[in-house]
Amino acid sequence: MPPADFRHAQPAVAAQPYTLVRENREQLGGHRGRVVWFTGLSGAGKSTLANALEVALHRVQKRTYVLDGDNIRRGLCKDLGFSDADRVENMRRVAEVARLFVDAGVLVLVAFISPFRAERQAARELFAPGDFLEVFVDVPLAVAEQRDTKGLYQKARSGALSHLTGIDSPYEPPLAPDLALRTDRISIDACVDRLLALLETSQDATAPIAQHAAGTHPGPAAIHAPQP
Ligand SMILES: Nc1ncnc2c1ncn2[C@@H]1O[C@H](COP(=O)(O)OP(=O)(O)OP(=O)(O)O)[C@@H](O)[C@H]1O
Ligand SMILES: [Mg+2]
């Protein structure tokens, strides 16, 4: 497979500038847009943790959205299967959607098996440093298989299902994730605490809500001028 590069754009299409930019939206929401990207085997706990983290963030009035592999495959990616090429395209699309959410100033939680290192790296490269946090939801295959939350492992073992990650399709664990969570050793609540700590500590609290090169767009000061 050629090396993944999600940054390629149609050369003939120039970006259309808009007056409002990400920073304006972040000012309105009161926090930065970022991606927390959960990767791991089926049954590792990606959706469970994305759900629990979203609830915790919602409680403290953060604007969130979850992009879950299963839900995305019911709509945006319903034309894709589980071949390597389709998995790559699946990743590319969700990474681009996540980028739109970050531009909207939202904390976007991606719960995708995302088995290939190169595609996770390609997804990371769509974002500024610090905007993309990779979380390895880590369990031994035996634990995921014992959980078998969707019965997929049983189907794969009996030959009724092919291309299941970990069985007859590879999973490449992250080499340097921003956080690794052994969900067979740490409770869901403890995982959420670590995720909240990651979000808290992985950004410079003194940094502006978003970094933008000075351009033709008005800065937030122009949009949110202080009231006299
Ligand atoms: N600390 C933990 N964190 C997350 N899940 C846990 C934890 N401990 C136990 N579990 C259980 O493990 C299972 C994880 O299932 P979940 O559907 O979240 O996996 P998934 O990674 O989203 O799988 P898939 O890729 O098939 O969607 C759930 O039944 C959950 O209750
Ligand atoms: Mg899931």
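How many residues does helix H4 have, and how far does H4 reach from its first C-alpha to its last?

1. First, the ground rules. This is a predicted model, where local features need pLDDT of at least 70, side-chain atom pairs count only at pLDDT 80 or more, and totals for chains, interfaces and linings use all residues. Residues are numbered from 1 along each chain as its sequence is written, with chains lettered from A and ligands numbered from 1 in the order in which they are written.

2. H4 covers residues 84-103, so 20 residues, and reaches 29 Å, close to the 28 Å expected at 1.5 Å a residue (that is, 1.5 Å times one less than the number of residues).

3. On H4, the buried residues are Arg87, Asn90, Met91, Val94, Ala95, Ala98, Phe101 and Val102 (buried: 20 or more other C-beta atoms within 10 Å of the residue's own; exposed: 12 or fewer; partly exposed: in between; C-beta atoms are placed from the backbone). They cover an arc of only 130° around the axis, which puts them on the same side of H4 (the arc is that of the directions from the helix axis to the C-beta atoms).

4. The face of H4 turned away from that buried side carries exposed Ala85 and Leu100. Just after H4, Gly105 takes a positive phi of about 85°.

5. Now the ligand. H2 (46-59) is one of the elements giving two or more residues to the shell around ligand 1, and H2 gives the most, with four residues.
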